[in-house]
Amino acid sequence: MRFRLSLSAFILRVAFGAVVALAAGAQAAEAPVRIGVLAFLGDDAATAEWSPVVERLAEALPGRSVELLQFDHLGLAASAAAGSIDFIITNPGHYVELEAAIGASRILTLDAAPTGSPDRAIGSAVIASSARSDLRTLEDLRGKRVAIVAREGFGGYQTVQRELAALGIEPERDFAALTVVGLPMSRVFDAVTNGEADAGIVRACLVEEQPAGLERFKVVGARDEPDFACATSTRLYPDWPIATLRHTPPALAKDVAIALLGMSRDGHGMAWAVPADYQAVHEMFRELRIGPYATLHEPTLMMLAERYWPWVAALALLLCAWILYTVRVEHLVHARTAALRAALDARDALEARMRAGQEQADHMARLSVLGELAGTLAHELNQPLAAIGNYAQSLRRRVDNARLTDDAVREASGEIAAQAERAAGILGRIRGFAKKRAAVREKVAPREVVAEAIALFRGMLANAPDVELGDTLGGAASIEVDPPQIQQVILNLLKNGYDAARGLPSSRQRLAVTIATSGDGNVRVAVRDFGVGLDDAARDRLFEPFFTTKPDGLGLGLSICRTIAEAHGGRLAAVPVEGPGSEFVLTLPLATAPPIPATIASPHDPHR
């Protein structure tokens, strides 16, 4: 509020000084057209962004030069009041202030979005480092350091201030620090990146325009706004207007409006529309009592003070006493909070050192996935092939010794056929899983897909761990998926769980798979191991490509699995568990039609 009062006084002083200069006479017919623009991203960025306007007006107004002048908030207000510019292009909040202070009048509104409406084009994004898991909603900003360009910034502060006020959060009171970094707005990104602030406020869509912006930053308290492509933490407001001033000639304003309405995105890179309704901005200012509404409540308070001054004096004394008491309590709370925070930090540091000391120094070297498949396949095929060889040698010896009987031939041929069938079953599962095929989705029972994956997993290992399969879903439920792809996800999770428990006692090498319904009515397949588990840092990065906790891993398995899950309309996540090990949950949507019956192998098939 103090800034608004000082801004109004500053504009009045400048306007008073400009009256004399304007009274000398109107500008010449060939005077240049001067357009002042708010350069919130810096002068170079403003010149590049608004150069299509300059080029269009220069083309439409032959014989007149067009000048684009860049300002900050105060500079633009001062130049507009002094009459040194003819038009202003600024954000909606700044325009509403200038409309009330010096009579600015919008003639057009920028139509920058290819979809949606100019009435819903401007919002703000509260950004934080993508690694900050403690910042998810606007409520989490309490006690944090927040960077802004200025308190008078519309997309850089005021729109977020309105959302915070609705949550009962007062930035000056509830933030650890509200740091003003100034224009350009890129300084907010720098403050968050350098750790000078926990979060920052920027205009919506700037995150997406940053190099690798969505990987480096996340939007806190993101809202779902229809027909708006960018992440925003606030409601949407009208786009930037171009406005005339009281001294702008009406004929010039008309020519400029006609010229700009002829712009198109395809031909000029931007477009303009008829003036939007800025009532939403007025409502925001009225709620916050800033801008034109900064003094809205003052006349009422003055009348009350004059009429009930004895009561006001008594209230002031009580207020002073309460303030003194509050200050003392706040001092004690801050002191004790600081001591508690220091104790918690010390405890966290001690726990981190303990975890680091308990980590295993070495892990067994493991073969690549292809090598492991080849090794386990050779081991599994060795027994049936050896049995076939033994029975064939027995038949040859009986022939050589003239002791071959019909019963011996029947017994040997039966055993040879059984062992050949066993080897064919192993090869069939591996071939069916690995063969190249087009993706085809079909309705199947979740238990069938999971059981087939478990059978394939156990068939590839010589000493396969026990896999417990629990199903509370019921036989009528079905999912519409590409079964080999879902089996690939489950097989990868089983393999990871098996690797996590290598070298541990046999009781911790078992795996548990449960099939149930999730809270939102979808199918929930959980794979639980009892291995060494995951720390928070590893869990946060599990699904990043090329991140792995295995010495010989590529870091692509879980990333591919999540892509498969999302392609099926589901999701894959690691969830915390009580006790040792870790748990991964695959969620898939239920299908409406009954599943296609299929013949599958039991996970405990003796011929696996």
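The model is a predicted one, in which local features need pLDDT of at least 70 and side-chain atom pairs count only at pLDDT 80 or more, while totals for chains, interfaces and linings use all residues. Residues are numbered from 1 along each chain as its sequence is written, and side-chain values use heavy atoms, with hydrogens and water left out.

Here is the overall picture. The protein has 608 residues, and 41% of them count as buried. Its secondary structure comes to 20 helices and 18 strands, both taken as DSSP runs numbered from the N terminus (H or I and at least four residues for helices, E and at least two for strands). With a contact meaning heavy atoms within 4.5 Å, 76% of the contacts between residues at least 6 apart in sequence join residues at least 24 apart.

Next come the charged pairs. Side chains of opposite charge can pair when their charged atoms come close. Counting a salt bridge as a side-chain nitrogen of Lys or Arg within 4 Å of a carboxyl oxygen of Asp or Glu, a search of the whole structure turns up 23. One of them links Glu-172 and Arg-151, at 2.8 Å from N to O. Glu-172 sits in helix α6 (residues 171–174) and Arg-151 in the loop between β6 (145–148) and α5 (154–166), so this pair ties together parts that are 21 residues apart in sequence. Both ends are partly exposed, Glu-172 at 45% relative accessibility and Arg-151 at 38%.

Another bridge joins Glu-480 to Lys-443, with 3.7 Å from N to O. This one runs from strand to strand: Glu-480 is in β14 (residues 479–481) and Lys-443 in β12 (residues 442–444), so parts 37 residues apart in sequence are tied together. Glu-480 is partly exposed, at 41% relative accessibility. Asp-471 and Arg-447 also pair up, their closest N and O atoms being 3.9 Å apart. Asp-471 belongs to strand β13 (residues 467–471) and Arg-447 to helix α17 (residues 446–459), so the pair ties together parts that are 24 residues apart in sequence. Asp-471 is partly exposed at 30%, and Arg-447 is partly exposed at 40%. Elsewhere, salt bridges that share partners join Arg-120, Glu-163, Arg-223, Glu-225 and Arg-235 into one network.

Then there is a hairpin, made of β17 and β18 with 6 residues between them; in its turn, Gly-579 has a positive phi of about 90 degrees. Strand β17 (residues 571–575) has a covered face, Leu-572 and Ala-574, and an uncovered one with Arg-571, Ala-573 and Val-575. It runs antiparallel to β18 (residues 582–588), and 5 bridges join the two; strands pair if DSSP finds at least two bridges between them. Leu-572 stands opposite Leu-586 in β18.

Finally, a nonpolar patch on the surface is formed by Leu-319, Trp-322, Ile-323, Tyr-325 and Val-327, with about 550 Å² of accessible area together. Patches are made of residues with over 30% relative accessible area and no salt bridge, with like charges joined within 9 Å and nonpolar side chains (Val, Leu, Ile, Met, Phe, Trp, Tyr) within 5 Å. Ile-323 is placed in helix α14 (residues 309–358) and counts as partly exposed, at 39% relative accessibility.

Notes. Areas by Shrake-Rupley, 256 points an atom, 1.4 Å probe, with all protein chains shown as cover. Buried < 20%, exposed > 50% of the residue type's maximum accessible area, 1.4 Å probe, protein only.
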